[in-house]
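Subject: Structure handover

Hello,

Here is the structure I promised to pass on. Please look it over first; my notes on what was found in it follow below.

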Amino acid sequence: MLRPQHTAHRTFISAAPRWTFRPDPDDVGVGQGWANGFTSDLTVAVPGSWNEQLAEAGLMHHVGPSWYRQVIFVPPTFGSAAFGGSARRVLLRIGAASHHTTAWINGERVGTHQGGFLPFAFDVTDHVTPGTSACVVLRVDPRLDAETIPQGIRAEEYAESVERGAGSEHFPPTRYDFFPYGGIHRPVTLLSVPSLRATHADVRTRLHGPSGAVVEITVEVTEGVTAVKALLSGEDEDSHATEALAVDGRAQLTVELDEARLWSPESPFLYSLTIHALDGEGVTDAYDLRVGIREVTVERDRLLLNGQPIFLQGFGKHEDVPVLGKAFAMPFAVKDMGLLRWIGANSFRTAHYPYADAWLDLADEHGILVIDEVPAVSLNLHKATATTQARHEEALRALIRRDRNHPSVIMWALGNEPGLAGEEDARTEVGRRYWKPLFETARKLDPTRPLTVPSCAQATLDDAALAFCDVISLNRYYGWYTEPGQLDRAADRLRADLEDAYERYGCPIFVSEFGADTMEGLHATFPQLFTEEYQADLIERYLDVIEALDFTCGAHVWNFADFLAPQNFRRVVLNRKGVFNRTRDPKQAAFRLRERWNDAMATPRDIIEKHAPGRGASPTPSPES
Ligand code: GCB
């Protein structure tokens, strides 16, 4: 699905930010006809989670169906007359809503969608009239169960575990360690697009010869489009034009560059690509994209970008900010990018779900490398069914389809921490059968990026997902959940674990999570959990171990910033493993990392060289190359 854009052939409006809101805890809204409109004293901001916004109305812990209503005036310029009479369509697009959404316009159902973290759109042409208002009603239901991605815990299951006195320590109940926000989390827009148009564009780049590159563009088009033109241009460089006929709804175009300017963290150069759809009489649609040319490969124990080893230094993040909850908020995204640069990070992981695409635009521009994650967090394979697996595959396909054109995305994480509660199925043939087809699908869809699944200590190195990974990602908490206050022992266990992992799998090892909860302002002269010194020391001890091992390709501190967790005795409101607090003020660890990572603006390889001499060198060529 192409994103909203203003071009000579496309336009869009954003829905007003304040919507009428009505929670529906007893799920009576459909039966009572709320789809035709409803009244309520409550309003809520969109994008925004309802929880913190409406906490005083008793909705902080509401994880149930909720209704939104908004009257949207459809501009007369959305009609065909405004675009020279050619036929047009109107689309209602929702950037993301957690997790199941049904939409009605003027009381008529226009569509339904499953999945909380990616955009979706309904063709509403037959339900609206340009120049008049439309009443849009959305029912958003955040409830999850064993067959959704991510998996969740149904209210009845929770009630049973409360009864048994086991497994009920989280409220609201989740299978994961972040707050189960509900709401419309990314913008709602109404688009006016030509009937004869491009519907999707896929751009693949590969390096060719000593300095050239090939850019392959696949454009999906609606019926009636006969050809597609593409124009690729770089700064101060010639433009490269190409054209191809559309066959069976798609056109394949190729641009060959003799001298390609590559995208990299040091020089994140982006080409502009304009796509035109044609119908035999002329141009019917125009759409602009940006293209970065770069190549990611794995060679023995090295992760390579454009043939050079890279070492990932950065964070696992969350989409979580005060009041807005899980909503995308540009000021925070801009601030976070600035902080990533300030601290000297070169990468982050979209733990534990796909982020708003604006994050990836910023990463493309700033040269930040991204590990992009499917929202299959803490899978309980014992409870997973064929439906869970099919939905997992759907989520994986949708993520790759949306994000593959971003040069910043260097690796797909197909999930996070299967078998978190120690379930045996994560380590047996059950796990193998679950993961194998998912990896096969991912490789078929995108053979150009390595695949991984961050794995937890509870699953052990027998985690069935690991056998399929190109990079082994390990989340480890020695010195925190085990060996508290004992950093020497923690460092020893970490080293032994990483060595075992490499011996067993023989591919680059990435420590995808490590960290310590920290209350800012708490200090001690000795290793004491929760103090700023302990967090900073633990992080440095981990980095010393990781950087000194030849086969590692990076380390991501958990977490960039503190984030809201469900209520449970392990958390003081927030998961406080952030090196920044929730409002982005630095803790001591942030200054230590900044010193270590910036180091006179050295590259990550130079930093390794400093801490582990001899480690920063390029790989020696293998005998066959
Ligand atoms: C993990 C999870 C992450 C948690 C973190 C923690 O392994 O991947 O979601 O927040 O540990 O702090 O316990």
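By class, 17 nonpolar, 17 polar and 15 charged residues line the largest pocket. Nonpolar here means Ala, Val, Leu, Ile, Met, Phe, Trp, Tyr, Cys and Pro; charged means Asp, Glu, Lys and Arg; the others, Gly among them, are polar.

A word on the source. This is a predicted model, where local features need pLDDT of at least 70 and side-chain atom pairs count only at pLDDT 80 or more, while totals for chains, interfaces and linings use all residues. Residues are numbered from 1 along each chain as its sequence is written, and side-chain values use heavy atoms, with hydrogens and water left out.

**Pockets**

The largest pocket has a volume of about 1,300 Å³. Of its 49 lining residues, E169, H170, R175, L420 and A421 are the closest to the centre. Helix α2 (residues 155-164) gives the largest share of this lining, five residues.

Some terms. On a 1 Å grid over the protein atoms alone, a pocket is an open set of points with protein on both sides within 12 Å along at least five of seven lines; a cavity is a set of points where a 1.4 Å probe fits but cannot get out; lining residues have an atom within 4 Å of a point. Grid points are joined across faces, edges and corners, and a volume is the space filled by probe spheres set on the points. Helices (H or I, at least four residues) and strands (E, at least two) are DSSP runs, numbered from the N terminus.

The second largest pocket has a volume of about 850 Å³. It is lined by 35 residues, and M1, P119, A398, R401 and R402 lie nearest its centre. Helix α5 supplies the largest share of that lining, seven residues. Elements that each supply at least two residues include β8 (108-114), β12 (198-208) and α4 (357-366). The lining divides into 15 nonpolar, eight polar and twelve charged residues.

**Cavities**

How many cavities of 30 Å³ or more are there? The count comes to three. Among the residues lining the largest cavity are H318, F332, A333, D336, W359 and R584. Helix α3 (residues 330-343) gives the largest share of this lining, three residues. The lining has seven nonpolar, one polar and four charged residues.

The second largest cavity has a volume of about 50 Å³. Its lining includes S98, H99, F117, Y176 and K326. Six nonpolar, two polar and one charged residues make up that lining.

**Helix packing**

Helix α5 (residues 386-403) and helix α6 (residues 429-445) pack at an angle of about 20°, with their axes 10 Å apart. That makes α5 roughly parallel to α6, a label for angles under 35 degrees. Axes are lines fitted to C-alpha atoms, for helices over the stretch in contact, and angles run from 0 to 180 degrees between N-to-C directions. The contact (heavy atoms within 4.5 Å) includes H392, L396 and I400 of α5 and W435, L438 and L445 of α6. Its residues divide into eight nonpolar, four polar and three charged.

α3 and α4 pack at an angle of about 30°, with their axes 11 Å apart. Residues meeting there include F332, A333 and D336 in α3 and W359 and L362 in α4. This contact divides into nine nonpolar, one polar and two charged residues.

Best wishes

Definitions and conventions: Angles under 35 degrees count as roughly parallel, over 145 as roughly antiparallel, 65 to 115 as roughly perpendicular and the rest as oblique.
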